[in-house]
Amino acid sequence: MDQAVDKQTMTAAATPLTESEKNAIIAGVLLSMLLAALDQTIVAPAMPTIGHALGHAQYLPWIVTGYLLTATAMAPLYGKISDVYGRRPTVYAAILIFLLGSVVSAMAPNMFVLVVGRAIQGAGGGGLFTLTQTVIGDLVPPRERARYAAWISGTWAVASIAGPLLGGTFAEHLHWSLIFWINIPLGLLAMAIINNPLKKLPIAAKRHRIDGLGALLLVAATALLLLALNWGGSEYPWLSGEILGLLAASVVFWAAFSLRLRRAAEPLISLEVLSNPIVRAGTLSMFLLQAANIGLAVYLPVYLQSIVGLSVSESGLAMLGLLLGTVAGATFSGRTIPRFVHYKRIAMVGVLFSIICLGLLALVAGHASLLVVEVLTVCVGLGSGTTFPVATVSVQNAVDRAHLGVATGVLTFLRSLGSALGVAMLGAVALGYGLPLAGEGTLAVGQVISAEPFVMIFLVAAATLFLALITLALMPEKPLRGQAEHPPVMAE
């Protein structure tokens with residue numbers, strides 16, 4: 001089998017990809033990533049309609065939680081599998097699993113089947129997030145790779161805008177199942193685009209062994225932790241037996257997974273990758289940044305409605321400032337990285353700028369106009385967006401090709417885990433300061449809310465970004481591989 005792999009690797013290496021083939025692959029994997037990103041945003045507007053159609057509305061949160069659980073837990077597995085068996089079959093498997101989940105969800109006769117379908121979707125979607133960045137890492141040298149981070153951020157921007165619009169339109173005017181059926185033609189189109197050119201990507205690893213026990217321990221540890229973060233403060237009090245039990249069980253499984261990494265002949269996540277200081281710092285900074293960003297994105301609309309006085313739809317439009325600022329920051333960072341030797345300073349300056357803007361937002365939270373809030377949130381997104389290309393390129397540049405998928409999978413995993421932690425963390429702050437919510441981020445009618453909870457939310461988000469800044473400062477820098485279009489300049 002090893003000889004067959006080596007033969008395939010040499011064949012692929014002998015037939016280099018043309019620019020048009022590279023562009024086709026990137027377009028295809030970005031389209032597949034758009035599918036997974038859309039399904040995190042398209043469902044929410046349709047949830048009331050789905051609950052009315054299928055009944056058992058009390059289980060509606062599970063159609064979101066089920067997707068999040070499997071998508072997060074599966075991300076590092078896909079990285080390892082693609083390193084061993086190649087990108088093309090792994091990308092195809094992820095798309096097919098995602099489409100299977102879409103069909104199950106669209107045809108669901110009851111809420112239980114829909115939740116199962118969403119979990120299957122997540123099992124494929126988690127791979128699409130990881131594999132998109134991994135495949136781009138295969139195609140483009142690190143010095144040029146940062147430019148494509150803006151494309152990834154743009155894909156998320158499209159999903160964030162189009163998802164709620166499509167979900168609401170389908171549910172209100174057509175049928176809720178279309179939010180899942182739409183994935184089928186898009187998924188098949190993505191497979192058709194990448195089919196031939198992706199065959200030329202070589203397989204980097206030589207050994208074909210996946211640690212099944214390690215994978216099960218990782219999935220169990222992640223699922224238990226995410227359940228605790230999702231239920232804590234909403235379904236059960238944080239200090240309840242249920243939440244403490246979930247957290248304790250998660251700790252046990254994490255400990256078992258750590259032990260398995262040390263004893264397995266070929267661990268699921270290479271110890272060489274985990275021991276790399278750049279990988280550790282880069283993934284941790286992304287974890288902290290995402291915790292602040294996603295937590296802020298969840299509670300900023302509540303602030304806009306309760307303090308600034310916007311309607312639900314108006315607050316949604318106002319959120320575009322944070323989103324577009326993040327895309328602009330990622331674009332600027334991606335284009336600037338090849339020009340600097342000390343490229344991590346781009347992210348450090350950006351994060352520091354975000355911290356200052358969050359501090360100003362906390363200072364004026366009780367009396368700021370909509371214009372001031374918009375300017376500050378755009379600046380927060382602009383600053384934090386610079387970190388995504390820096391962290392991704394730093395982590396991928398720190399490992400060899402054989403471990404590219406694993407390293408990218410760990411980065412994606414911690415990014416998703418940070419999202420869940422951020423929502424739970426800022427939710428605990430909100431509840432601790434008496435912020436009354438009527439569920440799903442909407443305000444109870446007629447309630448008057450002070451600015452104090454939001455001041456603390458902004459300050460906690462700023463503190464989280466400060467930890468990310470420290471992590472970036474401690475991250476070693478390694479010269480980027482590959483040729484730049486312009487010679488790098490010293491940024492002293």
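This is a predicted model: local features need pLDDT of at least 70, side-chain atom pairs count only at pLDDT 80 or more; totals for chains, interfaces and linings use all residues.
User: What makes the secondary structure of the protein chain helical?

Analyst: Helices are DSSP runs of H or I with at least four residues, and strands are runs of E with at least two, numbered from the N terminus. By that rule the chain has 21 helices and zero strands.

User: Why is helix 19 called mostly covered?

Analyst: A residue is buried under 20% relative accessible area, exposed over 50% and partly exposed in between (1.4 Å probe, protein chains only). In helix 19 (residues 387–397), 11 of 11 residues are buried, so the description applies. Among them are F388, V390 and Q396. For the protein chain, 54% of the 492 residues count as buried.

User: What makes a set of residues a nonpolar core, and which residues have the most contacts inside the largest one?

Analyst: Such a core consists of buried Ala, Val, Leu, Ile, Met, Phe, Trp, Tyr and Cys residues joined through side-chain atoms within 4.5 Å. The largest has 84 residues, and Y303, L304, I457 and F458 have the most contacts inside it. Helix 14 (residues 277–308) gives the most to this core, with 14 residues. A second, separate core of 33 residues includes A71, Y78, L99 and L128.

User: Why is the space lined by Q40, L68, A71, T72, F129 and S416 called a cavity?

Analyst: On a 1 Å grid over the protein atoms alone, a cavity is a set of points where a 1.4 Å probe fits but cannot get out; lining residues have an atom within 4 Å of a point. These six names line the second largest cavity, so the space they line is one the probe cannot leave. About 30 Å³ of space lies in this cavity, a volume being the space filled by probe spheres set on points joined across faces, edges and corners. Helix 4 (residues 62–85) supplies the largest share of the lining, three residues.

User: How many residues of that lining are nonpolar, polar or charged?

Analyst: The lining divides into three nonpolar, three polar and no charged residues. Ala, Val, Leu, Ile, Met, Phe, Trp, Tyr, Cys and Pro count as nonpolar, Asp, Glu, Lys and Arg as charged, and the others, Gly among them, as polar.

Methods:
Residues are numbered from 1 along each chain as its sequence is written. Side-chain values use heavy atoms; hydrogens and water are left out. On a 1 Å grid over the protein atoms alone, a cavity is a set of points where a 1.4 Å probe fits but cannot get out, and a pocket is an open set with protein on both sides within 12 Å along at least five of seven lines; lining residues have an atom within 4 Å of a point.
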